Amino acid sequence: ERPLSANQGEVGRDVHEGGAHAWIVAPPGRPRRIGSPVSTKPPGSSSTAARVCETVHLLALAVWFGAIAMSAVVAAVVFPLMRDLDPTLGAYPAYTGDHAVLAGGHVGNRVFMIADIVQFACAMAVLGTTIALIGFLGWSTRRIATAVRLIAVGGAVLVVSYHLMVLAPRMSQNLAEHWAHAQAGRTAEAEAARGAFNTDHPKARNTLAGTGGFVLIAFVAGAWAVQPRRRDGLA
């Protein structure tokens with residue numbers, strides 16, 4: 001048996017042993033003898049998987065933040081616009097309350113529903129890639145950037161989970177009751193359901209802002225962490 005020379009350390013050799021092919025990779029200065037335990041993965045496969053996982057991770061964070069930002073912009077534009085237009089909705093002829101709020105609610109509800117679907121999908125992608133990067137692809141938990149990313153991802157997932165599983169279903173139910181009573185001309189009952197909806201509105205605003213803040217921190221820390229580190233005084 002002949003050890004690999006030091007200058008062969010960074011080159012993988014495809015050898016045939018016992019009817020099966022295997023890659024033999026020895027780092028410079030640490031030769032490995034033929035016949036010792038070897039890796040069956042081609043060189044660079046782990047780094048390629050890590051790069052793909054990091055790309056999916058950062059892309060999911062970017063889309064997640066975009067969905068939150070867009071829903072906030074829509075809410076800020078639609079409701080003032082509806083009040084300026086002061087519409088009367090033909091679908092609610094007997095309702096004597098504010099039709100502008102009804103119209104804005106219908107538009108905003110569709111937008112927020114789409115945003116919630118996007119948030120759920122992105123949260124699953126971010127959580128899955130985080131687990132893969134820590135458990136299998138070599139994220140170093142000793143780095144400050146990694147610690148910041150983990151805290152931010154954990155915070156975002158917790159806040160959005162509360163929003164999707166507790167707050168959003170309750171608000172959707174109150175909003176549906178408001179519309180149903182308004183359509184039937186039961187203005188008093190419609191206003192009571194609207195009041196219950198408005199009670200949760202500050203919480204929804206805070207969870208949206210909190211989730212967006214955590215997601216933005218995770219994205220910035222992730223973009224910082226994937227930058228190549230300086231070695232030997234060179235970038």
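Helices are DSSP runs of H or I with at least four residues, strands are runs of E with at least two, and both are numbered from the N terminus. This is a predicted model, in which local features need pLDDT of at least 70, side-chain atom pairs count only at pLDDT 80 or more, and totals for chains, interfaces and linings use all residues. Residues are numbered from 1 along each chain as its sequence is written, and side-chain values use heavy atoms, without hydrogens or water.

Start at a loop. Aspartate 86 sits between α1 (45-85) and α2 (99-135). Most residues other than glycine have a negative phi. Aspartate 86 is not a glycine, yet its phi is positive, about 50 degrees. Aspartate 86 counts as exposed because its relative accessibility is 55%. Exposed means over 50% relative accessible area, buried under 20%, and partly exposed in between (1.4 Å probe, protein chains only).

Now turn to the interior. A nonpolar core is a set of buried Ala, Val, Leu, Ile, Met, Phe, Trp, Tyr and Cys residues joined through side-chain atoms within 4.5 Å. The largest one here has 16 residues. Leu61, Trp64, Val126, Val153, Val215 and Ala218 have the most contacts inside it. At least two of its residues come from each of α1, α2, α3 (144-183) and α4 (187-225). Another core lies apart from it, with eleven residues, including Met171 and Phe197.

Finish in helix α4, at threonine 207. Threonine 207 counts as buried because its relative accessibility is 10%. Leaving out residues up to four places away in sequence, threonine 207 touches Val159, Tyr162, His163 and Leu167; contact means heavy atoms within 4.5 Å.
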